[in-house]
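Please look over the model below before reading my notes.

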Amino acid sequence: MTSPASAAPTLTPPMPSPGRLLAAQISYQARLLASGRAITIGIGLPVILLIASHGTHTRTSAGNAAGYAAFGLTLTAWNTYGVRLVAAREAGVLKRWRATPLPRWCYFVARIAATVVVAVVAGAVTVAAGVLLFHTHLTTTGALGALVAFVLGAFAWAAIATA
């Protein structure tokens, strides 16, 4: 007869692959970032300012639309990300996170990647508003160039906010 203490030890399941961990963390961080406040500030405010500044005009230049798109991207990547990181530190989330098996690089890369996704959406929505509402001319090459600039800019602002 065996006692319960001598029963076979329970095996802990293996850690998921780093790619799976990163994908899950990006998804989680994007859901947190896509709150009402972040959407309103990063996406709504630049579109509202674009519309308000061009109230009766039927056309706007690509430079104006790009300026408002960069404004929305910066608001999302710098303010929202930086504020959330400071709030997490103040609330003790970062201390509790260190006690988990999630690697440090995975946590911060996921936060930055989620911020880049939401910031690029903010910039793209503003450019789309300029194209749809004010007939701004945008070529395919210009759209791809803007996408690259949005990704690099959002990554840079989020990385700076981390520092």
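The points below take the helix pair and then the pockets.

1. The model is predicted, so to speak of local features pLDDT of at least 70 is needed, side-chain atom pairs count only at pLDDT 80 or more, and totals for chains, interfaces and linings use all residues. Residues are numbered from 1 along each chain as its sequence is written, and side-chain values use heavy atoms, with hydrogens and water left out.

2. Helix H5 (residues 104-134) and helix H6 (residues 140-162) have axes that come within 8 Å and cross at roughly 135°. Helices here are DSSP runs (H or I, at least four residues), numbered from the N terminus; axes are lines fitted to C-alpha atoms over the stretch in contact, with angles from 0 to 180 degrees between N-to-C directions.

3. The contact of H5 with H6 has 14 nonpolar residues, 3 polar and no charged (Ala, Val, Leu, Ile, Met, Phe, Trp, Tyr, Cys and Pro count as nonpolar, Asp, Glu, Lys and Arg as charged, the others as polar).

4. Which helix gives the most to the lining of the largest pocket? H3 does, with 5 residues. That lining divides into 5 nonpolar, 3 polar and 2 charged residues.

5. In the second largest pocket, H1 gives the most to the lining, with 4 residues. Its lining has 7 nonpolar, 2 polar and 2 charged residues.

How values were computed:
Helices (H or I, at least four residues) and strands (E, at least two) are DSSP runs, numbered from the N terminus.
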